Amino acid sequence: MEQERISIKRELINLKYDIEGRSVHISKMSPLMKDNLISKEEFIRSKEDLDMARSSQELFVERQRADSLFRSVQVETIKANLENMRKNLALVRQRVENLNVRATIDGQLGPFSP
């Protein structure tokens with residue numbers, strides 16, 4: 001669970017810097033496009049790449065929320081299972097204790113009658 005959380009966080013950081021870099025690139029390309037120094041296709045491709053990176057970021061944010069919710073449910077389930085195991089263990093220990101033979105007087109067992 002922790003590895004998945006870190007992986008998503010790492011991907012979001014990468015996407016953030018990718019989006020920032022693409023935004024800067026487009027802002028530099030915009031005046032060049034107006035002066036016809038670069039092709040319109042190249043500018044459109046760069047905008048599409050930026051849109052794709054933003055969509056990926058939104059998807060990863062959604063995935064992060066879903067994983068966080070799933071993780072919290074899993075943790076609660078694990079805690080409930082652990083509590084049930086503790087109760088079962090206590091019952092088993094009680095049953096084992098009930099199987100022990102006890103003397104009525106300290107150091108003496110009761111009479112043996114076949």
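Buried means under 20% relative accessible area, exposed means over 50%, and partly exposed is anything in between (1.4 Å probe, protein chains only). One heads-up: this is a predicted model, where local features need pLDDT of at least 70, side-chain atom pairs count only at pLDDT 80 or more, and totals for chains, interfaces and linings use all residues. Residues are numbered from 1 along each chain as its sequence is written, and side-chain values use heavy atoms, leaving out hydrogens and water.

**Exercise 1.** Work out whether D49 is buried, partly exposed or exposed, then find its salt-bridge partner.

*Solution.*
- D49 has 34% relative accessibility, so D49 counts as partly exposed.
- Its side chain meets that of R22 in a salt bridge at 3.5 Å, N to O; the term asks for a side-chain nitrogen of Lys or Arg within 4 Å of a carboxyl oxygen of Asp or Glu.
- R22 sits in helix α1 and D49 in helix α2, so this pair ties together parts 27 residues apart in sequence.
- R22 comes out partly exposed too, because its relative accessible area is 29%.

**Exercise 2.** Trace the salt-bridge network that includes R63.

*Solution.*
- Start with R63 and E4, whose side chains pair up at 2.2 Å, N to O.
- R63 belongs to helix α2 and E4 to helix α1, so the bridge joins parts 59 residues apart in sequence.
- Next, R63 also meets D67, at 4.0 Å, N to O.
- D67 and R63 are both in helix α2, four residues apart, about one turn of the helix.
- Put together, E4, R63 and D67 form a linked network.

Notes
Helix = DSSP H or I, 4+ residues; strand = E, 2+ residues; numbered from the N terminus.
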